[in-house]
Amino acid sequence: MTDKAEYRLYVKKNSPRSPMVRSLFAAFVVGGLICCVGEGIRDGISALFPSFSEEEVGAWTTVVMIFLGSFFTAIGVYDRLGRFAGGGSIVPITGFANSVVSPALEYNREGVFFGICAKMFVIAGPIIVFGVVSGIVVGIVACLV
Amino acid sequence: MKTGRQSFTANRPVYVRSSYTIVGPKEGEGRFGEEFDTVLKDDLWGEKSYEKAESKMHREAIRGAVCLAGMTLEDVDLMLAGDLLNELSASGFAMRYFKVPFLGLYNACSTFSEAVLLGAALIDGGAAKTVTCSTSSHFASAERQYRYPLELGNQRTPTSQWTVTGAGCTVLGAERPTAEGDRESRERFSEKMKAMREECLEAAKAEDAEKKTRTEAGDNTLFSVKGGAFDALKRRFIRAWRPECLADPVCDAAYERKFVAKITGGTFGKVTDFGIDDESNMGGAMAPAAADTFIAHLMDTGRAPEDYDAIFTGDLGRFGKEAFAHLLAKEGIKTDARYDDCGAAYYKAEQETFQGGSGAGCVNTVFNAHIIKRIERGELRRVLVLATGALLNKDTPLQKETIPGVSHAFTVECEEL
């Protein structure tokens, strides 16, 4: 039989690769559009509720974007968008909502407790852990400085 | 009879009594769409989860094949079955409905050829007279087990494959099928399916002393739907508005075979690991196993690729197919137009499956719907089927293991009916 190292090299060289230009373009356009929607919502909220401070407007925009991400995941649109856009729809906060809601939908059949609650963070878990850990580190640094 | 190092040759004919396939909607739109017995309109098939749907497809495929063989469950000596789910749950749960001895098999996507080889060897050796060989896989249940939740918005890599939603069953027997028997069992197919369902229901009820089994008399879903007024209402609603969700398996009554296929031998494969560690490139990981088994088969039997009218690998995919040809070319063996890959041929290009189909149902449904029909029409006289499997689970790549592959080959020949 063929030499194993030689075969590995053959596979590495000849396997089909992701179309880089197309992927980057799709991610740029879709990611940009999602951010534009976010900006639009931000402007809308500050126009509707002029009494809100800058921070409050930001928080409400986040809430609306998370809702939209979850909603479009639940009606089965977000995975199609993700298949086209790749990183463009994963990186914004709507992608985070998608990564929490999609396991919740998937494991809903195992019941509320061991299904939805236990499995909800299988994908978003690392992000939350890193968020918390970096929060602690930054907190300690800020305390010392 | 053992032939060479890894192969065996059947001393007496092991006939393919019948074959039956059930596939999902996407597969129905694929290249072999016209040839499957039942194409579902809905991949949940009225069930509550994809795992249950897979199990239902599995058991209905077995029932369909047994009915087409003109048999009852009494006539079946042994059932060989396998699938991709943890602890073979799709096949194991399907077996609750059959009071027939069961052997569960797992060799990833090559389970089907493992079942056919074992079935043929058992019949040849006289341990059984009639054996069913069935496997199933379901896109949604495999995605959940091996990859990510369905609704997650991630991108598939160009080397990835699409797990086939499908189940198929082949009935192997020592007894030769007859044209009259075929005609009769095709004409009375739905009647016989119904009778067999009733029989399964009776058996389940008799066993269920505590009345915990939720059944609806004569209904094809048996255990799957809960009792109660709300569920009854929901079922009535589904039946009225989306009757295709609960469609019954069907068969083509007009189909007639001119030739009968028989399993004449095969080669048991060794596990081969060439150190590929990319779990989204299964084709590359499995191609060396297929090449290894193919070379062993040729050495053991003393045949050349030209002795076969067609050679099919299981689910190497488009790239794996090239890698297989590349490995054989290095050994000085030429594969030409007579070689094809079931997975690579499964879907049409516009269906966006990248490398093509994979899964335990892939080679099974292609064999039972496409290859066997070509043999039965007399287009192919001798065929070699090399199903391939990647023996990994979700955790092994994370533990930095490489992907071992395995491939088993069986030979099908034909004789006039």
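Glu376(B) is buried, at 5% relative accessibility, where buried means under 20% relative accessible area, exposed over 50% and partly exposed in between (1.4 Å probe, protein chains only). This is a predicted model, in which local features need pLDDT of at least 70, side-chain atom pairs count only at pLDDT 80 or more, and totals for chains, interfaces and linings use all residues. Residues are numbered from 1 along each chain as its sequence is written, chains are lettered from A and ligands numbered from 1 in the order in which they are written, and side-chain values use heavy atoms, with hydrogens and water left out.

**Salt bridges**

- Glu376(B) meets Arg257(B) in a salt bridge (3.2 Å, N to O); the term stands for a side-chain nitrogen of Lys or Arg within 4 Å of a carboxyl oxygen of Asp or Glu.
- This pair links distant parts of the chain, 119 residues apart: Glu376(B) sits in helix H12 (residues 360-377) of chain B, and Arg257(B) in the loop between helix H8 (229-241) and strand E9 (259-267).
- Helices (H or I, at least four residues) and strands (E, at least two) are DSSP runs, numbered from the N terminus.
- Arg257(B) is buried too, with a relative accessible area of 10%.
- Another salt bridge joins Arg338(B) and Asp336(B) (3.1 Å, N to O); Arg338(B) is partly exposed at 26%, and Asp336(B) is partly exposed at 39%.
- Over all chains, the whole structure holds 24 salt bridges.

**One helix, two faces**

- In helix H1 (residues 4-14) of chain A, the buried residues are Tyr7(A), Tyr10(A) and Val11(A).
- They lie on the same side of H1(A) because they cover an arc of only 95° around the axis, an arc taken from the directions from the helix axis to the C-beta atoms.
- An α-helix has 3.6 residues a turn, so residues three or four places apart point the same way.
- Turned away from the buried side, the other face of H1(A) carries the exposed residues Leu9(A), Lys12(A) and Lys13(A).

- Most residues other than glycine have a negative phi.
- Ala108(B) has a positive phi, near 50°; this residue is in the loop between strand E5 (102-104) and helix H4 (111-125) of chain B and is buried at 2% relative accessible area.
- Phe354(B) also has a positive phi, near 55°; Phe354(B) is partly exposed, with a relative accessible area of 38%.
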